[in-house]
Amino acid sequence: MKLFGKPQPVSLALLATGVALTISACGSSPASTASQGAAPTSSGAVTASASPAPATTSTAAAGASAAVGALVPGFPQQLIPLMPQAAVESSSFDKNSSPASVALVGTITSPADAVVAFYTSALTVQGFKEVPGNTVGSIKSKDFLRGDNETVNISVVETTGKSTFTIGANVAAGSIK
C-alpha cells in the first residue's frame with residue numbers, strides 16, 4: 001500500500017471495509033449518516049484501481065458479513081439495488097444489529113448525477129424521503145429518511161468519467177427483504 005498517489009486495491013478494500021464497519025457501528029440518527037461517504041485522498045478524489053480485488057467474505061458475528069469485489073451473500077438487493085453496469089468494490093450486511101445495516105461501494109462509468117438520480121428513484125419508491133442538501137463539501141451526497149429512524153446515505157465522487165459511490169443504510173430489520 002502506498003501512502004501517496006493512486007490507491008492500490010488493498011487500500012481501496014481497507015477503505016471500503018472501514019466505511020462498512022463505521023456504518024454498522026453508527027446509530028440510526030440522520031446526523032450519523034450525513035457525514036458518511038467516500039473519503040477523499042490528498043488530491044480530493046477517490047479512485048479505484050483498474051484491477052479488481054479478488055472477492056472475499058468475512059463474518060465478524062453471526063448474521064454480519066462483508067465481501068470485497070462482490071455482493072455479500074444475502075445482500076438486500078430490493079432495498080439497495082445494484083445500478084446496471086456498476087461494479088461492486090465491497091459490500092456488507094448486518095441483519096442482527098438494531099437497526100440492521102447495509103453498505104455498498106461501487107464504481108460505474110456514469111456521471112455522479114446519474115448515480116444519485118438512479119438511487120433517489122429506487123429509494124423514493126420504497127417510501128424514503130429526500131433530506132435537503134446535495135453535497136458535503138465538493139462531494140455529491142444525498143440523505144434519505146423513512147419514518148423516524150430508517151436512514152440511507154449515498155455519496156459519489158466522480159473522476160475522469162468514472163464515479164465511485166458509497167451507500168450506507170440503517171433500517172428496521174423487518175423491512176429488509
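Mentor: Buried means under 20% relative accessible area. Keep in mind that this is a predicted model.

Trainee: Is Tyr119 buried or exposed?

Mentor: The cut-off for buried is under 20% relative accessible area. Tyr119 has 2% relative accessibility, so Tyr119 counts as buried.

Trainee: Which residues have the most contacts inside the largest nonpolar core?

Mentor: This core has 28 residues. Among the elements that supply at least two residues each are helix H3 (112-124) and strand E9 (162-171), and H3 gives the most, with 5 residues. The residues with the most contacts inside the core are Ile80, Tyr119 and Phe165.

Trainee: How many aromatic pairs are found in the whole structure, and what kind is the pair of Phe118 and Tyr119?

Mentor: The search finds 2 aromatic pairs. The ring centres of Phe118 and Tyr119 are 4.8 Å apart. Planes over 60 degrees apart count as edge-to-face; those of Phe118 and Tyr119 are at 90 degrees, so the pair is edge-to-face.

Trainee: What kind of pair do the rings of Tyr119 and Phe165 form?

Mentor: Their centres lie 5.6 Å apart. Planes under 30 degrees apart count as stacked and over 60 as edge-to-face. The planes of Tyr119 and Phe165 are at 45 degrees, so the pair is tilted.

Trainee: How many residues apart in sequence are the parts that this pair of Tyr119 and Phe165 ties together?

Mentor: Phe118, Tyr119 and Phe165 form one aromatic cluster. Within it, Tyr119 lies in helix H3 and Phe165 in strand E9. The pair therefore ties together parts whose separation in sequence is 46 residues.

Definitions and conventions:
Residues numbered from 1 in each chain as written. Predicted model: local features only at pLDDT ≥ 70, side-chain atom pairs only at ≥ 80, totals over all residues. Heavy atoms only, no water. Core = buried A, V, L, I, M, F, W, Y, C linked by side-chain atoms within 4.5 Å. Buried < 20%, exposed > 50% of the residue type's maximum accessible area, 1.4 Å probe, protein only. Helix = DSSP H or I, 4+ residues; strand = E, 2+ residues; numbered from the N terminus. Phe/Tyr/Trp six-rings, centres within 6.5 Å; stacked < 30°, edge-to-face > 60°.
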